[in-house]
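Student: Hi! Could you walk me through this one? I'd like to learn how to read it.

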Amino acid sequence: MSNRTASRSKARAAARLAAIQALYQHEMEGTAIPSLLHEFHNHRLGATIEDAEYAEAEVDFFDDVVKGTHARLAEIDTIVAAKLAKGWSLTRLDKAMRAILRAGTYELLARPDVPVGTVITEYVDVAHAFFDKREAGFVNGLLDGIAKDVRS
């Protein structure tokens, strides 16, 4: 992997993590998407907060994941809900888990430029930031099942 590819990959990983945080914040507080994007652009992406430096994120990619996931939420939720085990619903899932599954599903639906393996691996990595191994495995299985349906 060239340095340029590696730095782009890191920038996208940072964008995905930030997108999950933004979608989570939107669901928790109802913050309007334009306000959220503005806040992340000006205060979070690539910023240093409490000595923790946030990696430079690919801003356009971040915007696409947040706006696209929000715009296609009903479609995405239908797809995700169809893959949940009997007796489970989206509302039973942790809000951070919902954000991860929604953003991952959005990428599988709308970003054919990103390989399926990359989408799944990246969101499993994001899941590790919030959850234990079991939940990361859940993300892997669910996104893999969705990929088979939407990318065939």
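**Talking through the model**

Tutor: Happy to! Let's start with a pair of helices: α5 and α6 cross in a right-handed way. Keep in mind that this is a predicted model.

Student: Okay, at what angle do α5 and α6 pack?

Tutor: The angle is about 170 degrees, and the two axes lie 10 Å apart. An angle over 145 degrees counts as roughly antiparallel, so that is the label for α5 and α6.

Student: Which residues in α5 and α6 meet?

Tutor: From α5 (95–110), the residues are Ala-96, Ile-100, Ala-103, Gly-104, Glu-107 and Leu-108. They meet Val-116, Val-119, Tyr-123, Val-126, Ala-127 and Phe-130 of α6. Sorted by class, this contact has 10 nonpolar residues, one polar and one charged.

Student: And α6 with α7, at what angle do they pack?

Tutor: Helix α6 covers residues 116–130 and helix α7 covers residues 133–150; their angle is about 155 degrees, with the axes 9 Å apart. These two are therefore roughly antiparallel as well, and their crossing is right-handed.

Student: Which residues make that contact?

Tutor: On the α6 side you'll find Val-116, Ile-120, Tyr-123, Val-124, Ala-127 and His-128. On the α7 side there are Lys-133, Ala-136, Val-139, Asn-140, Leu-143, Asp-144 and Ala-147. By class, that makes nine nonpolar, two polar and two charged residues.

Student: Let me zoom out for a second. How many helices and strands does the protein chain have?

Tutor: Seven helices and two strands. Along the sequence the pattern reads α-α-β-β-α-α-α-α-α. The chain has 152 residues, and 41% of them count as buried.

Student: What about contacts between residues at least 6 apart in sequence: what share join residues at least 24 apart?

Tutor: That share is 71%.

Student: New topic! How many aromatic pairs are there?

Tutor: The structure holds two. In one of them, the ring centres of Phe-130 and Phe-131 are 6.3 Å apart and the planes stand at 45 degrees, so this pair is described as tilted.

Student: Is Phe-130 partly exposed or buried? And Phe-131, buried or exposed?

Tutor: Phe-130 is partly exposed, because its relative accessibility is 36%. Phe-131, with 17%, counts as buried, since the cut-off for buried is under 20%.

Student: Got it. Can we look at a charged residue? Where is Asp-64?

Tutor: Asp-64 sits in helix α3, residues 59–71. Its relative accessible area is 24%, so Asp-64 is partly exposed. Beyond the neighbours within four places in sequence, Asp-64 is in contact with Thr-69, Tyr-106 and Arg-111. Another thing to look for is Ala-110: it is 46 residues from Asp-64 in sequence, while the C-alpha to C-alpha distance is 9.5 Å.

Student: You mentioned Arg-111. Where is Arg-111 found?

Tutor: In the loop between α5 and α6. Arg-111 counts as buried, because its relative accessibility is 14%. Setting aside neighbours within four places, its contacts are Arg-12, Phe-61, Asp-64, Tyr-106 and Arg-151.

Technical notes. Residues are numbered from 1 along each chain as its sequence is written. This is a predicted model: local features need pLDDT of at least 70, side-chain atom pairs count only at pLDDT 80 or more; totals for chains, interfaces and linings use all residues. Side-chain values use heavy atoms; hydrogens and water are left out. Axes are lines fitted to C-alpha atoms, for helices over the stretch in contact, and angles run from 0 to 180 degrees between N-to-C directions. Helices (H or I, at least four residues) and strands (E, at least two) are DSSP runs, numbered from the N terminus. Angles under 35 degrees count as roughly parallel, over 145 as roughly antiparallel, 65 to 115 as roughly perpendicular and the rest as oblique. A crossing is left-handed if the near helix is turned anticlockwise from the far one by less than a right angle, and right-handed if clockwise. Contact means heavy atoms within 4.5 Å. Ala, Val, Leu, Ile, Met, Phe, Trp, Tyr, Cys and Pro count as nonpolar, Asp, Glu, Lys and Arg as charged, and the others, Gly among them, as polar. Rings of Phe, Tyr and Trp (its six-membered ring) pair if their centres lie within 6.5 Å; planes under 30 degrees apart count as stacked, over 60 as edge-to-face and the rest as tilted. Buried means under 20% relative accessible area, exposed over 50%, partly exposed in between (1.4 Å probe, protein chains only).
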